[in-house]
Amino acid sequence: MSRTFYVTTPIYYVNDVPHLGHAYTTVAGDVLARFKRQRGYEVFFLTGTDEHGQKVAQAAGKKGISPQAHADAVHQRFKDAWQRLDITNDAFIRTTDEGHARVVQAALSRLWDKGHIYQKEYTGWYNVSDEVFVTDPEDIKRLQAEGKVEEVTELNYFFRMSAFQDRLISEIRSGENLVIQPESRRNEVLGFLKKPLGDLSISRPKTRFDWGVELPFDRDHICYVWVDALINYCSALGYLRRPGTETGTETGTETGTDAGAVASAELDNGFAPFWPADVHLIGKDILTTHSVYWTTLLMALDVPLPKRIFGHGWWLVDGQKMSKSIGNVVDPNKLADEFGADALRYFMLREVPFGVDGDFAAQALVLRLNAELANGLGNMASRVCNLVGRSGGHFIADPAPLAEADTLAQALADAVIRFDEEMNQLRFHQALAAVVGVVDQTNQLIQNTEPWALLKRAAEDPQAQATFDAVMAIAGTVLKTAAALLYPVMPNKMAELWHGLGQESPLAELTFDGASTVLPASGGGKVGKLKVLFPRLDTKAVKSFAERAREIENRGVTGTPEEGIIKIDDFQGVELRVGEVITAEKVPKSKKLLLVQVGFGEEQGLPVRRQIVAGIGHAYAPEDLVGMQVVAVFNLAPAKLMGQESQGMLLAADDENGKPRLVTFAAPARPGARVS
Ligand code: MSP
């Protein structure tokens, strides 16, 4: 087989609705996959969904359906989003695929047989929502106050992760087999590894919940979701799959390499051609699970390590963390509808260096798209196509020499080399900057030489004709080369440009070596008028994404309400619930603020609790509040008051002395019930 390239995204929690953060990794993976295919590599690009675990079981329970039925329904949201964003994944793995589950069991059996797993009674603080044991005493204290951890004693199976600490450190230090990027994340992992590495609990007793892969050596336990999920990277290729059985993994849409066919290669370590993975793309929050858990598991299985793990940064939205309660969770489908999938893909990779956090602000998006796509590349493309169309419709192969054109040709040759270097280092923003730079220089040349004026004189002035031809030839070459280089990022728009330049063969099928990507414009078909590639966006009409999200949520509320009057939908958007005060204490250094822990009954057998900071300390003694039933705003964005997080608000009204009196009930209500 020719050179191979295997790139993966994390598999996304199936319960989540796809958002900008998920889209970011997936678009980056797609750009890399398309880039490598264009350079002649045999590529396998994997994405998928993580479908086991307590949260999925709980969500299904709420709907009254089985976890499998729930996952079957909701995983489709990811597939739809990836289709909308033109993602060319070669396979889509679901951890509930039968083939995957069998591979997880086979891998666990192997670890068990080799003595890498042992059994131990364990007492610890378990965080249900994150599905992890919390070990840091500070974290335990904080989460206890929030009612998010519970103490459990259970029989667990442990993976002897500690045994691989020294080897992992030397692998990361040497960088020969495994590179963690960017540098800051590598240092973070090495810092983490300075402390002794514990062993990893890899099982959960079925008495807690049973939505997972059964341990092959103890049917009363299921595999820890993270171990199950990480193995996807190998199971999708057919690792430990018995010959003749299917992986169950669905193949992707566009290029559609058959995961089953790839898989049939071998049962064991030679399950490649695609392993070891060339790069696991992940967000910075899941660095430890990948750089430590996954790598040590692979060592124990005697499987080669992935060549590279890249932890990218996070997107904030209009300066804030994305959150359902703030209402600023950005839906990539809607952005693609509004700005076009290509422009969105471009912005994501161009705006911020891949390794660092960025702010996804509507204003920045509009400015960037206008400057570089509408006014830059798009404007130049329509000018050049229009002018060449008017002067015969062909780029000239050997125009008369022109010094400025030679300088530009050199700049283009340099940009082409730089583009590949930057792409290979996953510095997408720099790779794009290289193309933007040369497009700017070309626009400058066009501005200086005024080819529209040259064209008017061309009939009687051979010198004007010669200069016109030379400027158009190099501008066409820049455009054609840019179309090819930018194709992985903007496949639709660049294909339009490619055809506009008179190229008849499909751009999607073009392959070339990075070192020789300058593509002369001459020799193609007839150049025609190009329709506007990137419409200019109205800067004044830009609204923040939070504003838009709110507008969308409020859709359906028609008519302009009278001032001060709200619609029933607005009222129903405020979730009021019955709470019961569990504890209350004064917030240090504050006269009025009390820190109140409020219980809201149980959901799925688990207590629901919130910490609320209330300005009622001058009206109530903390001990008087305990046991009292209150009304709380349950879906308020969390806020910090005097250093304490408040996750809601208690309803109160002033008495005749101006002191707050809490809203309560004449007869006991059911904790957690909605007040309506
Ligand atoms: N299921 C696990 C991954 C298992 S991989 C073997 C998981 N899923 S997730 O859906 O919660 O997150 C998937 C990815 O989305 C992570 O890489 C995370 O960093 C990324 N993002 C979530 N929010 C993000 C932003 N706001 N910005 C950028 N990426 C972020 O973790």
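Which element gives the most to the shell around the ligand? In this predicted model, local features need pLDDT of at least 70 and side-chain atom pairs count only at pLDDT 80 or more, while totals for chains, interfaces and linings use all residues. Residues are numbered from 1 along each chain as its sequence is written, and side-chain values use heavy atoms, with hydrogens and water left out.

The ligand is surrounded by 24 residues, each with a heavy atom within 4 Å of it. The closest are Ile11, Asp50, Gly283, Asp285 and Trp315. By class, the shell has 13 nonpolar, eight polar and three charged residues; Gly counts as polar here, and Tyr and Trp as nonpolar.

A ligand oxygen atom lies 2.8 Å from a polar backbone atom of Gly283, and an oxygen atom of the ligand is 3.2 Å from one of Tyr13. A nitrogen atom of the ligand is 2.9 Å from a polar backbone atom of Trp315. Of the 680 Å² of accessible area (Shrake-Rupley method, 1.4 Å probe) that the ligand has on its own, the protein covers 95%.

Strand S1 gives the most to this shell, with four residues. The elements giving two or more residues include S1 (4–13), helix H1 (20–38) and strand S13 (279–283).

An open sheet of three strands has the order S9-S11-S10, with antiparallel pairing, where pairing requires at least two DSSP bridges. Strands S9 (203–205) and S10 (214–215) stand at the edges with a single partner strand each, so one side of each lacks a neighbour in the sheet.

Methods:
A polar contact is a pair of N or O atoms within 3.5 Å; within protein, one must be able to donate a hydrogen and the other to accept it, and residues adjacent in sequence count only if both atoms are side-chain atoms.
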